[in-house]
Amino acid sequence: MKRQWMKKVFSIAMSVSMIVVGAVPAFAATSPFKDVATTHWALEKITFASEKKIISGYPGGLFKPEGLVTCEEAMSMLYGTLNAVGALKDAEDHTAEYKDVLDQAKIATWARKVVSYGLKYEILTAADISTFVKSNGGGRPALREETAMWAGKAMTKNMAPGYRLTYIDAANISAVAVPFVDLLYRQGVMTGDNKGQFLPKTNVKRSEFASVCKSVFECESNATFDAAKEIVNISGTVTAVDGTAGSVTLKLTDGSTSKIIMNTTNIYVGNSIVVGYVALPNTKVKMQITNPAPNMEAYIISANIKESKPLTGENGSYYALRVSLSDGSEDTYIIDENTSIFDSKGGSATVNSLTVDAGITMLCDGVKILEIKTQQ
C-alpha cells in the first residue's frame, strides 16, 4: 500500500517582526482610549486588541500604553487572544482546582481564571506564578523572555527540533525560553530591536504586548503551512562543539558566526551523514533542520535527477539524490531503506531506475524522501 502523500517541511527559518517602535498607522482612526493618541505607533494594534476584547483598559477610559505589562496582565491578554481566535481548549474556570497554589502566590481575584487556565494547560507553572506578585502586593512586570515563553506555549504551531538564534544577546536568553523565542521569531510574532538585540531580561510595555497579541491572533488564524517560515539551510565551518549543551557553532561564509542548539538535527559533512552533533572543529558542514508540518498536509515536489550517489552513514546505507527543481535551483535529498519507489504506473521500482535527467515526483519529510514516483 502506498504511503499517503505528506508535506515537506523544514524548520528554523528566521522570520521577523515583533515591536517596531516609530511606525505610524497606515490610516488615522479614532482611539479607543483617552491616553492613546491617534498618532501612536501602536494605535492600530491597540484598537484591534480592544475590538477583539483582548484588552479592556483601566477605569476612566485609559490604557496606559507606556506602562509595563504585569505577569497577570500578560496572561489575561494571551487568554483573551486565544478566546478571540477560537483557540481556547476550554472556557471553564479552573480556579477551584488550583486554589491552594493561587492563594500561595497571592494572585489577584480578577486574574485567577486566566492564570488557572495557564496552569491547567501548562502555559504556566507553579514556580512561574510564585513571582507574579511583588512583596508589596503589586503585580510584577513581565520579562520579554517570559512573555515569549508563555505566548509560544499558548500557540498551536510546531516547535523546531533545533534552534538558531541570530540575536547578538542570544547568550543572555534562558535555556528554557530559547525554543519559544525561536518559534515566535520564525512565525513573525516577536523579535528584538533594530540593533539585533532581543533584550530578554527587560520588561514589555502594554502597547508592545498588545502588538504581540495581535500577531499571535493572526498567526493562529492562519492554518496554512508557510514553508518560508519553516526552512533554512546553514552552511559553514565548525568552530566549536558543545556535546553537553548539544550545540555547534559555525563560521558562516559572510564571516559571521552562528550557534545552533540541536535536538534531532542531521549534519552533512561532504557526502557523509553525521547524526547528532558529532563534528570535528574546522570541518565544513551543511545543516538542515527539519520539523513535521501541521497535520502532515500534502506537499509534492517535481524535479529532474542530476545525480544519485550511495552513501554510508552511522545508521546504515543511504543514497543522496541531487535534483534540479522547477525554479532552477538544485538540492540534495536522502533515500533510505524506508523510501518507497514507484514507476509511472504505480508499480514498485528500485533505486537503479532513478537515472540522470529522469523526471520524478517526490514526497519528502525534511531531507528524507518518503516516496518517489517516476514521471515516465
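Here is a walk through this predicted model, going from the whole chain down to two of its residues.

The protein runs to 376 residues, and 48% of them count as buried. Its secondary structure comes to 8 helices and 13 strands. If you look at contacts between residues at least 6 apart in sequence, 65% of them link residues at least 24 apart.

Now zoom in on Phe 209, which you'll find in helix α8, spanning residues 206–221. Its relative accessible area is 0%, so Phe 209 counts as buried, the cut-off being under 20%. What does Phe 209 touch, not counting residues up to four places away in sequence? The list is Val 69, Ala 74, Met 77, Leu 78, Thr 147 and Val 204. Take Val 69 from that list: Phe 209 and Val 69 sit 140 residues apart along the chain, yet their C-alpha atoms are separated by 7.3 Å.

Next stop, Thr 95. This one belongs to a loop, the stretch between α2 (71–85) and α3 (99–105). Is Thr 95 buried or exposed? With a relative accessible area of 18%, Thr 95 falls under the 20% cut-off and therefore counts as buried. Its side chain makes a polar contact of 2.5 Å with the side chain of Asp 93. Setting aside neighbours within four places in sequence, Thr 95 is also in contact with Leu 102, Arg 112, Lys 113 and Ser 116.

Notes. Residues numbered from 1 in each chain as written. Predicted model: local features only at pLDDT ≥ 70, side-chain atom pairs only at ≥ 80, totals over all residues. Heavy atoms only, no water. Helix = DSSP H or I, 4+ residues; strand = E, 2+ residues; numbered from the N terminus. Buried < 20%, exposed > 50% of the residue type's maximum accessible area, 1.4 Å probe, protein only. Polar contact = N/O pair within 3.5 Å; in protein donor to acceptor, adjacent residues only side chain to side chain. Contact = heavy atoms within 4.5 Å.
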